[in-house]
Amino acid sequence: RMVVPFSPGGTSDTLARILGQKITEAWGQQMVVDSRPGASGIIGTEIAMRAPADGYTLMHGNMSQFAINPGLYSKLPYETLRDFAPLSLIATAPQLLVVNPSVPVKSVKELIELARTKPGTLNFGSGGVGTLAYVGGEMFKSATGVNMVHISYKGTILALNDLIGGQVQVLFSDMPIALPHAKTGKLRALAVTGAQRTPLVAGMPTVAESGVPGYALVNWWGIFAPRGVPQPIAAKLNAEIVRVHALPDLKERYANLGVEATSSTPEQFAVYIKAEVARFAKVLKETGAKLD
């Protein structure tokens, strides 16, 4: 099984199902996606941590659990590199800044002007404190000085649904769940959050070049096993993950979601995680982001 600590239908769930299908086809053994959402990914992460370290339970993790939560929570039931064996980085993607079409703005600059004109009247949604949607909004508030109200949900997909319904106005969303609605006009995309533009969304400007210099936020996803998994099993799992993420059809499926497929060695992934934890500790301190 592959534990996903976020809501069904969200980005992690979608990517896990694509990967699970490929491993099932290759090994002839069903990989079941086990959704365990709640508490900004903490509930599912703890469940995966306590699973037997035999290679039969994996964790589909992302930045919010392993880079953001350590800087937000004074006490967590897990410590990434103590309790998990990183297997491989698998994907990266900027967030997509989207608004409900009823919001009278067509650019980041216009959003900033509206928020400054009407402080406290715009709501931005997230999948909970600790998720990237929350951090993206807090970084935006800190960099621009605007006053937007945070509305927390039990999953970013739920925040997205309310954005479409007009209950919230702004969302720094995972690309895969927001991009299809932006293409159909149910949402209006204003910018991507990466440091550079992405070919995954041709012509879309970055938040930084749209009036918020230095703003940069890119999500990542990776596969973990409970700490203690035997090295030969970890090596076999890594080799399969690397093979799958080099397949042209998987790369295309990820790209259609606005996500770039990648892979790494376990050692490279561990170094990357350490750097991300340090980076977000600094970011969270600068923005003043805190638990609700």
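I started at Tyr272, which is partly exposed at 31% relative accessible area. My scale: buried is under 20% relative accessible area, exposed is over 50%, and partly exposed falls in between, with a 1.4 Å probe and protein chains only.

Ground rules before going on: this is a predicted model, so I keep local features to pLDDT of at least 70 and side-chain atom pairs to pLDDT 80 or more, while totals for chains, interfaces and linings use all residues. Numbering runs from 1 along each chain as its sequence is written, and side-chain values use heavy atoms, with hydrogens and water left out.

**Aromatics**

The test takes rings of Phe, Tyr and Trp (the six-membered ring for Trp) with centres within 6.5 Å; planes under 30 degrees apart are stacked, over 60 edge-to-face, the rest tilted.

Tyr272 pairs edge-to-face with Trp220, at 5.7 Å centre to centre and 70° between the planes. Trp220 sits in strand S9 (residues 218–226) and Tyr272 in helix H11 (residues 266–287), so this contact ties together parts 52 residues apart in sequence. Helices (H or I, at least four residues) and strands (E, at least two) are DSSP runs, numbered from the N terminus. Trp220 itself is buried, at 0% relative accessibility.

Then I checked Phe224 and Phe269: a tilted pair, 5.1 Å centre to centre with 45° between the planes. This pair also links distant parts of the chain, with Phe224 in S9 and Phe269 in H11, 45 residues apart. Phe224 is buried at 0% relative accessible area, and Phe269 is buried at 1%.

Which residues make up the aromatic cluster? I noted Phe66, Tyr78, Phe84, Trp220, Phe224, Phe269 and Tyr272, in one cluster.

**A charge over a ring**

I also found the charged end of Lys236 over the ring of Trp27, 5.0 Å from its centre. The cut-off here is NZ of Lys or CZ of Arg within 6 Å of the ring centre and within 35 degrees of the ring normal.

**Strand S7**

Is strand S7 buried or exposed? Five of the five residues in S7 (residues 170–174) are buried, so the strand is largely enclosed by the rest of the structure.

I then went through its neighbours, counting strands as paired if DSSP finds at least two bridges between them. Strand S4 (residues 84–99) runs antiparallel to S7, over five bridges. Strand S5 (residues 123–126) is parallel to S7, joined by two bridges.
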